[in-house]
Amino acid sequence: MTIASINELRAADSAVLRAALARAHARLLAEQSGAGNSVFTEHSSHSEHASGHWFGAATEGADGAT
Amino acid sequence: MTGRPLSTFILKVAGRCNLDCDYCYMYHLADQSWRERPKFMTADVVERVASRIATHVRNHDLRSVRVILHGGEPLLLGPDRTAHLCEQLRRAIPASTDLSIGVQTNGTLITRDWLRVFEANRITVSFSLDGSEEANDRHRLDHGGRSSWEATVRGIEMVREHLPEAYSAILAVVDLDNDPVEVYESIAAQSPPVMEFNLPHAHHDAPPRRPRHCIEPAYGRWLAAVFDAWAAGSEYRHSIRMFEHIIGLEVGVANSVESLGLAPVDLIVIESDGSIEGVDALKAAYHGAPSLDLSVFDHDFDAALAHPAVAARQSGLAELSDVCRRCNLVDTCGGGYLPHRYSTTGGFRNVSVYCADLAFIIRHVRSRMVDLQQLIAMETAGGIESAPG
């Protein structure tokens, strides 16, 4: 790796994206274990919440007819 | 032979709205069937819906189902009738099945009584808000042309402060006239667990508004600006559903949002008169587009699954245009949201009217994730520490 490319990678580092990537991998594992979520819809974003939420990893989508 | 069981049931509990948002597919686009439908879902429809869902759960041994109270504005149904509806659902659906209930609302009607109903019935609440007052009021006005922003924000604050476990999400519709970062930050200020950005409903016969003579992916660039603002945060505070699903699809998660990816769509819409419909946003395409000619009074949900229009949405790649099937982004894009593919001449076998925008945002997210995964791999191998500089 060159210094420039390492710096580019450091610039790409992001706590938010790391967390999002970790969540994606967790979803992948959940799917592979048969506990995956069904399709997210356009109708309401009752989506993945922090632990403690009533419905844990329940997921939905969203749309604007309201 | 039927497809993947349905697991999400969109109940159009109110056929009217106290707002008059000019982009709303219910009232302002091609389909005008709302004029012929009851203002509210009646008790006999609710009873039959609950029974049909319960039968579907039993027939397919479903571990969990979701019911989304939708409209119009679903809170027009009132707290008492909503509570009764939830009780009917919970009474009918086997206790061994996890039933989650959510509502998609403009939030303007939320009161203490509603908070009690949300709490007692464990209803999660997702709000529609397009950003700051100025951004929101481009479209989201009441029937008198007055702003809805303050009332919506008051509703959000009530739920967030008094019933945070019910606070689910904020949905915004993209408008190119609004600054993407300002929209993102104004929504983030409401601290939703989840944000969603929807593209305005459009199709090839009624394309989205774009800068004049501009064929560049303006919506994709708008979304990319939001993505960059989100990614630049110092900590993970909220999900942005579209972006996280692109990330998920990129790492191989099979499930997807309805508007991305190739997973079978497993939701169904029940109108206030008991009609079963496939995708209500198809109202944007042409009058009668969502109709399946099915009703909860005469048909179970397996009949809906067997309907060609529903089966088509479970067929993934097979139902897409030739262009989509040859595209190297198709696993992530999935052809985009069905209503956005429509044209009079080609039906739904077209690329999305947002094709260039979807390609732009997917590539944008992908480029950041490739860098990030490379970085993580290097750190894991100790490569960063040993590198000069």
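## A tour of chain B

Start with the surface of chain B: its accessible area comes to about 15,200 Å². Carbon and sulfur atoms account for 50% of that area. Keep in mind that this is a predicted model.

Now switch to the C-alpha trace of chain B. Along its principal axes the trace spans about 70 × 50 × 45 Å. Chain B shows 14 helices and 10 strands. The radius of gyration is 21 Å, close to the 21 Å that the globule rule gives for 389 residues, so chain B is as compact as a globular protein of that length.

Next, colour by burial. Of the 389 residues in chain B, 59% are buried. Contacts come next. Take those between residues at least 6 apart in sequence: 72% of them join residues at least 24 apart.

Go inside. Select Phe118(B) and Phe197(B), the residues with the most contacts inside the largest nonpolar core, a set of 102 residues. Then select residues 218–231 of chain B. This is helix 7, which gives the most to this core, with 10 residues.

Zoom in on Phe197(B). Beyond its neighbours within four places in sequence, Phe197(B) is in contact with several residues, among them Ala172(B), Val174(B), Tyr184(B), Trp222(B), Leu223(B) and Met242(B).

Move on to Cys17(B), Cys21(B), Tyr27(B) and Tyr342(B). They belong to a second, separate core of 19 residues.

Chain B has 37 positive and 51 negative ones.

Notes:
Residues are numbered from 1 along each chain as its sequence is written. Chains are lettered from A and ligands numbered from 1 in the order in which they are written. This is a predicted model: local features need pLDDT of at least 70, side-chain atom pairs count only at pLDDT 80 or more; totals for chains, interfaces and linings use all residues. Side-chain values use heavy atoms; hydrogens and water are left out. A nonpolar core is a set of buried Ala, Val, Leu, Ile, Met, Phe, Trp, Tyr and Cys residues joined through side-chain atoms within 4.5 Å. Buried means under 20% relative accessible area, exposed over 50%, partly exposed in between (1.4 Å probe, protein chains only). Helices (H or I, at least four residues) and strands (E, at least two) are DSSP runs, numbered from the N terminus. Contact means heavy atoms within 4.5 Å. The radius of gyration is taken over C-alpha atoms; the globule rule is 2.2 Å times the number of residues to the power 0.38. Accessible areas come from the Shrake-Rupley method with a 1.4 Å probe; for residues, only the protein chains shown count as cover. Lys and Arg count as positive and Asp and Glu as negative; His and the chain ends are not counted. The place of a charge is taken as NZ of Lys, CZ of Arg, CG of Asp or CD of Glu.
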